Amino acid sequence: MLLHQPASVKSLIVSEGYERRETDQHRRLRASRNISSCRCSDRTFATFSKLDTPQGILAIVRQPQWPEKRILGQPSLFAVFGEDLQDPANVGAIIRTAAALNVDALWLTPESADIYHPKVVRASAGAVLSLPVFVTENIARLTEHEVMVFAAQVAADHTVDLESVRTIPRRLVV
């Protein structure tokens with residue numbers, strides 16, 4: 001996270017055990033970012049983390065703010081829509097995978113897991129800080145912005161089989 005989103009990090013908490021294991025390269029990187037940090041005992045650190053075996057470093061980060069209108073206005077758009085995704089680990093994995101595939105944004109319905117739930121953040125491997133994620137009631141709002149929708153299951157008269165698709169639209173939500 002320090003490497004990819006350093007401006008997002010407000011401060012760090014590191015355990016004594018982490019500092020003992022930390023490489024010189026990581027120590028220099030941490031120092032070069034000029035991020036405030038505090039050090040605590042491993043025992044104290046364990047009270048901050050709900051993990052059975054924490055890594056020994058925690059970051060306090062700013063939640064990113066994304067310009068949804070600008071993203072929806074792009075001439076090309078590759079986005080993902082998730083409806084009622086309630087398992088935090090699955091939501092985190094979807095965020096991580098979408099970021100790895102250079103997806104422009106992810107839209108989730110309000111019933112989906114909170115993207116800042118600790119399990120989502122861990123499963124996303126920090127990608128929640130680099131992939132724009134928005135909440136919308138349903139996919140109809142996205143279709144109002146002239147995007148094509150490719151869905152696993154959709155109930156509409158104008159659907160086509162996946163095998164008949166020959167070109168990928170410039171503005172697509174899957």
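Phe78 stands opposite Leu172 in E8, where strands are DSSP runs (E, at least two residues) numbered from the N terminus, as are helices (H or I, at least four residues). The model is predicted, and for that reason local features need pLDDT of at least 70 and side-chain atom pairs count only at pLDDT 80 or more, whereas totals for chains, interfaces and linings use all residues. Residues are numbered from 1 along each chain as its sequence is written, and side-chain values use heavy atoms, with hydrogens and water left out.

The strand that pairs with E8 here is E4: residues 77-82 of E4 and residues 171-173 of E8 run in the parallel sense and are joined over three bridges. Two strands count as paired if DSSP finds at least two bridges between them. Both belong to an open sheet of five strands with parallel pairing, ordered E6-E5-E4-E8-E7. At its edges are strand E6 (133-135) and strand E7 (148-149), each of which pairs on one side only.

The hydrophobic interior may be considered next. In soluble globular proteins, nonpolar side chains tend to be buried together. A nonpolar core is a set of buried Ala, Val, Leu, Ile, Met, Phe, Trp, Tyr and Cys residues joined through side-chain atoms within 4.5 Å; buried means under 20% relative accessible area, exposed over 50%, and partly exposed in between (1.4 Å probe, protein chains only). The largest such core has 15 residues, and those with the most contacts inside it are Val91, Ile95, Leu106, Ile115 and Val133. Helix H5 (88-100) and strand E5 (105-108) are the elements that give two or more residues to this core, H5 giving the most, with three residues. Apart from this core lies another, of 11 residues, among them Leu77, Ala79, Phe81 and Trp107.

Beyond its neighbours within four places in sequence, Leu106 is in contact (heavy atoms within 4.5 Å) with residues including Val80, Phe81, Ile94, Ile95 and Val133.

Leu58, by comparison, lies in strand E3 (residues 57-61) and counts as partly exposed because its relative accessibility is 28%. Leaving out residues up to four places away in sequence, Leu58 touches Ser11, Leu12, Ile13, Phe45 and Phe48. Leu58 and Leu172 are 114 residues apart in sequence and 36 Å apart in space, C-alpha to C-alpha.

The cysteines remain. The structure holds zero disulfides, a disulfide being a pair of cysteine sulfur atoms within 2.5 Å. For Cys38, the nearest cysteine sulfur is that of Cys40, 6.1 Å away. The sulfur of Cys40 is therefore too far from that of Cys38 for a bond. Cys40 is buried, with a relative accessible area of 12%, whereas Cys38 is partly exposed at 41% relative accessibility.
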